[in-house]
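Colleague: I'm new to this one. Can you walk me through a few parts?

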Amino acid sequence: MQNANEIPETTSRIALKYGLIGGLIAVYVSVLGMVEAFSLRPLVGDFLTLGYVLLVAGPIGAGILTARALRDRTSRRNGELASLGAGAVSSSLLLVLLAVIVLLVIRPDEAGAEVTLQVMFVNLTSGLAEILTFGLGNLLGALMLVLFCTIMGGAGGAAVLIRDPLRAGLVTGVILTLMVGIFSETVSQVLQQVSGRVIINLVFVQKSLRPIPAVLVFALGFSLAYFRVPRRTRTRFQKLPQTRQQRTKQGLYIAGLLLLIMIPWLTGLFLSQALFLIGLYIIMGLGLNIVVGYAGLLDLGYVAFFAFGAYAMGILTTTTELGITNLTFWTALPICVAAGVLWGLVLGFPVLRLRGDYLAIVTLGFGEIVRILALSDWLAPIQGGPQGVLHIPNPVIFGITLNTPQTMYYVVLLGVILAAFVTIRLRDARLGRQWMSMREDEDVSEAMGINLVSTKLLAFAIGAGFSALAGAILAARQSTIFPHSFNLIISLNVLAGIIVGGLGSIPGVIVGMLILVGLPELLREFTEYRFLMYGILLIVVMLLRPEGLLPEATRKRELHSDEPGMTPADAAPMEPAGAGGQD
Amino acid sequence: MAPLLDAIDVTKSFGGLDAVNHFNFQINEGAIDSIIGPNGAGKTTFFNCVTGFYVPTEGKVYFDGHEVQGMSTDRITRFGISRTYQNIRLFSQMTAIENILVGEQPRLKTYWVEALVRNRRYKEEEEQALQEAQRLLEFVGLKGMGDQVAHNLPYGAQRRLELARALAADPKMLLLDEPTAGMNPNESSDMMHFIRRLRDEVGITILLIEHDMKVVMGISEQITVMDFGLKIAEGTPAEIQGNTNVIEAYLGKGAAAGLKLATGGSSN
C-alpha cells in the first residue's frame with residue numbers, strides 16, 4: 001500500500017521541483033526585461049519572437065529535467081505526464097508575476113497601493129503583461145499562458161522520451177532553426193557576399209526567417225539527424241580501402257585550407273574583423289595552453305607579453321618620434337617575438353619556485369605592473385605613456401598594404417598555423433612529455449631526471465613568444481596602441497577560452513576562442529544582454545562538460561606492428577605475462 | 001670494492017625531531033638489501049635524503065663515487081638512482097607508454113629545436129625511445145596496455161608501470177619503497193621473483209623498504225633495521241630474525257622476552 005503510494009508521490013515532487021525552477025527562470029528573464037525587449041526581435045515569421053523563446057525556455061527546461069529524472073525510474077507515460085505537470089507548475093509562477101503586474105503596476109489604485117512597483121522594477125510594464133497574455137485580455141490570456149507552458153513542458157519531456165532517430169531529428173531541427181533565426185545577421189552577411197540581396201530577401205524578412213525557409217531549415221536539420229548522416233558518412237569512410245581513405249583525407253585537408261583562405265571573402269568585412277580577433281586569441285590561447293595546459297603553470301599575467309609584443313612592434317616601426325628604427329612589419333616581427341621570449345624568461349625566473357595559487361597571484365601582479373608601467377609618465381619617453389604609440393604602419397607585402405580586416409586575416413592565419421605547428425611538434429616531443437609530467441607531479445618528474453628550471457622557463461618563454469606575436473600583429477592592424485587595451489580581462493578571456501575548449505587540446509583552443517571571442521561579436525545586436533547570455537552559456541558549458549568541449553584525446557603510441565589490423569579493443573584485455581599478478 | 005651507495009652519518013631533522021639520526025648505510029653493487037622498521041622509523045626519509053627530495057641536515061651521501069647530498073633530484077637521477085613510491089605516484093593523466101617515455105628522460109639527448117625541425121637525430125632517438133618503452137612495457141607484463149591512461153589501470157598494473165618507469169632511466173640502483181604494499185600473497189611472491197630477475201638479468205642493485213616479512217626475509221641479502229631514525233640492527237635475514245633489539249622494536253619489550261624462544265622459524 002505504502003509502496004504503491006510512494007512512486008507517484010516522488011514523481012509529482014520531482015515535477016513540482018523542476019517546475020518551480022523552470023518557473024523561476026521564466027520569471028527572472030521576464031523581470032530582467034529580456035522577454036519584452038526581445039519580443040521585438042522575431043526569429044521565424046512575425047509570430048515566433050526571441051522573447052517567447054526565452055520565456056518558454058524555463059518550462060521546456062523543467063519538462064526536460066523532469067523527464068530525465070524519471071526516465072530510468074518509472075514508465076514512459078508517467079514521465080510525459082510529469083513533464084506536462086512541470087510545465088503547468090512553472091506557469092503558476094508566471095501567473096503570479098502576471099497578477100503582480102496587473103494589480104500593482106497597471107491598476108495600482110484599485111489594489112490600494114501607494115506607489116506602483118514599477119519604480120523598483122522598471123521592466124514590469126503593461127507591455128510585458130500583454131506578452132504574457134498573448135494580447136488576449138487578462139483572463140483568457142492567463143488560461144492560454146497555463147496551456148502554453150504546459151504544452152511546452154510536455155514538449156521538453158518529449159524531447160527526452162521519444163525514441164531516438166525521431167528525437168534526434170526533431171531536436172536538431174528545432175535547434176538549427178532557432179540558431180539561424182538568432183544569427184540571422186551573420187547568415188545574411190554570408191549570403192550577401194555569396195549571392196547578393198535577392199536570396200536574402202527570399203529567406204529573411206528583416207532579421208526574421210520567412211516561414212517557408214524556416215521549414216526548409218528545420219527539414220535539413222531533421223533529416224541530417226534522423227538519417228544519421230554524419231555517422232553513416234564516417235562508417236562509409238572507414239569501409240573505404242586504406243589508400244582511398246588517405247586520398248579522401250588529403251582532399252578534405254586541401255578543401256579545408258581553401259575554405260580557410262576564402263573565408264574572409266565569403267563573410268564580409270564585419271565578420272572578417274571578428275575572425276581576425278578570434279585568430280589573435282587563438283594564437284594567445286595556444287601559447288597559454290602550453291603554459292597552463294601542458295606545463296600546469298597557472299599564469300594570470302599573460303596579457304603582459306601581449307602588451308610587450310604590441311609595444312615592441314610599435315616602437316620598432318612607428319613613424320612618429322617614438323620610433324627607434326624604421327623596420328618594416330616583417331623584419332620587426334621576429335624581433336618582437338624574440339623580445340617576448342626574453343621577457344618570458346625574465347618574468348619566469350622569479351616565479352620558478354612558486355606553485356599553483358601562489359604562482360597565479362604573482363603572475364597576476366606582474367600583469368598589472370606591466371599595464372601600470374605602460375600607463376606611467378616614467379616610461380612615456382620610450383613608449384608614449386597614456387598617449388600610446390600612434391602611426392604604426394600596416395604590413396606591406398608585394399607592394400600591397402594589408403590595411404583591411406580581410407587582408408590582415410591572412411597574417412593572423414599564418415600566425416595561427418605557425419603557433420599550432422610549434423605546439424604540435426613540441427607536444428609530441430620530449431619537451432612536451434616533460435611539461436605534462438611536470439603538470440601531473442612536479443616532484444616525481446624531477447626525480448625522473450627532468451630539470452625543472454629549464455623546463456618551466458621554456459614553457460614560459462615559448463608561451464610568451466606566441467603572445468608577443470599576437471600583440472605585434474594587433475599593433476600593425478590597429479596602427480595605434482594604448483595602455484588601456486592591455487588589461488586583465490584579456491588574460492582572463494584567454495584562460496577562460498582554453499578551459500572551455502578543453503585544457504591541453506589544440507582543437508579545444510580553437511573551439512573555445514570561437515565561442516568566447518566569436519559569440520560576443522555575433523551577439524552584438526543584443527547589446528546590453530549579450531554578456532549575460534555569454535555568462536549563462538559559460539556556466540552551462542562548464543556544468544555539462546567540466547573537462548571542456550573538446551578535451552585532449554590520449555594519443556595512441558603503443559605500436560602494434562607485429563599484429564597488423566589490430567584494434568585497440570582487441571589489444572586492451574590481455575593477460576599480463578612475466579612478473580607480478582594483477583588485481 | 002667500494003660500495004655503490006655509501007651514506008655516512010646522515011641526519012635529517014624536522015624542527016626538533018631527528019627523523020634520521022646519524023645513520024650509516026652501505027650497499028654493494030649487485031646486492032639486494034632491505035631496510036625495515038616500524039612505521040615512522042625514518043626509512044622513507046632516508047630514501048628521500050638519498051634521492052635528493054630532502055637535503056640531509058648532516059652527513060654525506062656518496063653514490064658511485066659522486067658526493068650527491070644537496071644536489072637536485074634530477075642530477076642525482078642522472079647518476080643512476082631510480083625509485084618508486086610508497087603511494088603510487090604515476091603521471092596519472094598520461095598513458096602508460098608516455099609514463100615510461102618520461103622515465104627515459106636521462107637517456108635522451110636531443111634539444112627541443114630539433115623536435116621543431118624533426119631532423120634525423122630526433123626521429124631516430126624518438127623511435128628508439130618508443131621501442132625501448134614497448135620493451136619495458138612487455139618486460140613488466142603490461143603489453144597491450146600501453147595506450148591506457150595510467151589512472152585507469154588496475155592497482156597491480158600501476159605498481160608494475162611505476163617499476164617500468166623507474167627502469168626506463170637505465171639506473172644502476174633501484175630504490176623500491178614498499179613494492180608489495182596492498183598486494184595479496186600471490187602477487188607479492190610474483191613481485192619478489194620479478195625483483196630477483198631484475199638483479200640477476202639486468203644487474204641492477206636493489207634497495208627495498210618493505211613491511212611484508214615474507215618478502216624481506218625471502219629476498220634480502222642484507223637487512224638493516226631502523227627505529228626512531230637510528231640503526232638498531234644489521235645482518236643477514238637469519239641474524240635479524242634472532243635479534244632481540246629488532247623484536248623489541250616491533251613488539252615492545254615484554255613481548256620480546258616472551259617470544260624469544262619462538263623466533264627461529266616464525267617468519268620464513
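Modeller: Here are a helix, some strands and the chain contact.
Modeller: This is a predicted model: local features need pLDDT of at least 70, side-chain atom pairs count only at pLDDT 80 or more, and totals for chains, interfaces and linings use all residues. Residues are numbered from 1 along each chain as its sequence is written, and chains are lettered from A and ligands numbered from 1 in the order in which they are written.

Colleague: How many residues does helix H7 of chain B have?
Modeller: H7(B) covers residues 185-202, so 18 residues. Helices here are DSSP runs of H or I with at least four residues, strands are E runs of at least two, and both are numbered from the N terminus.

Colleague: Which of its residues are buried?
Modeller: Among them are B:Met191, B:Ile195 and B:Leu198. Buried takes 20 or more other C-beta atoms within 10 Å of the residue's own, with C-beta atoms placed from the backbone.

Colleague: And what comes just after H7(B)?
Modeller: B:Gly203, with a positive phi of about 80°.

Colleague: New topic. How do S1(B) and S2(B) pair?
Modeller: Antiparallel, over seven bridges. Strands pair if DSSP finds at least two bridges between them. The two form a hairpin with two residues between them, and B:Gly15 in the turn has a positive phi of about 60°. B:Phe14 stands opposite B:Leu17.

Colleague: Which strand do five bridges join to S1(B)?
Modeller: S4(B), residues 58-63, also running antiparallel to S1(B). There, B:Val61 is the bridge partner of B:Ala7.

Colleague: How many residues does each chain give to the contact?
Modeller: Chain A gives 39 and chain B 52. Contact means C-beta atoms, placed from the backbone, within 7 Å. On chain A's side, H19(A) gives the largest share, seven residues.

Note on methods:
The expected span of a helix is 1.5 Å times one less than its number of residues. A residue is buried if 20 or more other C-beta atoms lie within 10 Å of its own, exposed if 12 or fewer, and partly exposed in between; C-beta atoms are placed from the backbone. Two residues are in contact if their C-beta atoms, placed from the backbone, lie within 7 Å.
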